[in-house]
Amino acid sequence: MFHGARLAGPGFNNYFRPASPVLGARMRNYTLGATDLEWYQRAKAATAAYDDLVRRTNILASVSARRAIFDWLGSPNNPTSPAYRYRSVVSDIQTDVEAYTPPNYGAYAVERRQNRVTELEKINEDFKNRVRASEREVGQLPPPGTITVPGAPGPDLTLPIVGAGVAVVAAILLTQIL
């Protein structure tokens with residue numbers, strides 16, 4: 001009797017179920033319609049959204065509004081803070097996926113990484129609501145630009161004028177010599 005013909009006994013189910021928990025998690029994702037690549041893309045999108053919200057928070061017109069939001073984000077060293085959740089997703093992306101060539105999208109077959117992405121997406125919703133409310137309430141700082149004061153002196157033209165004068169004198173001298 002060959003090995004694959006065993007239909008009952010201690011190893012029977014091993015022919016019909018995945019051999020490892022990681023493979024089982026992969027198969028569970030595929031049955032739900034989410035691939036490892038899609039989880040990676042969701043993680044990248046969630047971290048990009050978080051970064052954009054931090055940028056928008058930095059340009060809020062009120063220092064107290066900025067401080068309130070950053071206090072809510074907390075420290076990346078506090079495991080219960082949104083900043084910690086963000087850092088854990090970024091760490092997963094950098095060390096477990098992008099550190100490999102080709103990228104190891106299979107890292108998102110692990111359910112805890114999927115949970116981190118889902119948690120960050122929920123945090124981003126709350127974060128976005130806080131930033132929007134603050135933007136409506138206090139507004140944003142104007143974008144940086146050049147400020148010109150009326151009546152202020154223009155650019156210093158001394159060097160170009162002296163250079164042009166030297167060129168004229170040199171041209172006159174050259175015509176006299178030749």
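**Close-up 1. The side chains of Asp96 and Arg113 in the predicted model.** The side chain of Asp96 makes a polar contact with the side chain of Arg113, at 2.6 Å, in a structure that is a predicted model. Asp96 belongs to helix H4, which covers residues 82-97. When residues up to four places away in sequence are left aside, Asp96 touches Ser91, Asn104, Ala107 and Arg113. The view also takes in Gly106, which is 10 residues from Asp96 along the chain, and the C-alpha atoms of Asp96 and Gly106 are separated by 9.0 Å.

**Close-up 2. The crossing of helices H4 and H5.** Two packed helices are described by the angle between their axes and the distance between the axes. For H4 and H5, the axes come within 9 Å and cross at roughly 135°, and H4 is therefore oblique to H5. The crossing of these two helices is left-handed. On the H4 side, the contact is made by Pro82, Arg85, Tyr86, Ser88, Val89, Asp92 and Asp96, while H5 contributes Arg113, Arg116, Val117, Glu119, Leu120 and Ile123. Sorted by class, the residues of this contact between H4 and H5 comprise six nonpolar, one polar and six charged.

Close-up 3. Asn124 is found in helix H5, which runs over residues 111-138. With a relative accessible area of 5%, Asn124 falls under the 20% limit and therefore counts as buried. A polar atom of the Asn124 side chain lies 2.8 Å from the backbone oxygen of Ala46. Apart from residues up to four places away in sequence, Asn124 touches Ala46, Ala49, Tyr50 and Leu53.

**Close-up 4. The packing of helices H2 and H3.** Helix H2, made of residues 36-58, packs against helix H3, made of residues 63-73, at an angle of about 150°, and their axes are 9 Å apart. Because angles over 145 degrees count as roughly antiparallel, H2 and H3 are described as roughly antiparallel to each other. H2 passes H3 in a left-handed crossing. The residues that make the contact are Tyr50, Val54, Thr57 and Asn58 from H2, together with Arg66, Ile69, Phe70 and Leu73 from H3. By class, the contact of H2 with H3 holds five nonpolar residues, two polar residues and one charged residue.

Terms used: Residues are numbered from 1 along each chain as its sequence is written. This is a predicted model: local features need pLDDT of at least 70, side-chain atom pairs count only at pLDDT 80 or more; totals for chains, interfaces and linings use all residues. Side-chain values use heavy atoms; hydrogens and water are left out. Axes are lines fitted to C-alpha atoms, for helices over the stretch in contact, and angles run from 0 to 180 degrees between N-to-C directions. Helices (H or I, at least four residues) and strands (E, at least two) are DSSP runs, numbered from the N terminus. Angles under 35 degrees count as roughly parallel, over 145 as roughly antiparallel, 65 to 115 as roughly perpendicular and the rest as oblique. A crossing is left-handed if the near helix is turned anticlockwise from the far one by less than a right angle, and right-handed if clockwise. Contact means heavy atoms within 4.5 Å. Ala, Val, Leu, Ile, Met, Phe, Trp, Tyr, Cys and Pro count as nonpolar, Asp, Glu, Lys and Arg as charged, and the others, Gly among them, as polar. A polar contact is a pair of N or O atoms within 3.5 Å; within protein, one must be able to donate a hydrogen and the other to accept it, and residues adjacent in sequence count only if both atoms are side-chain atoms. Buried means under 20% relative accessible area, exposed over 50%, partly exposed in between (1.4 Å probe, protein chains only).
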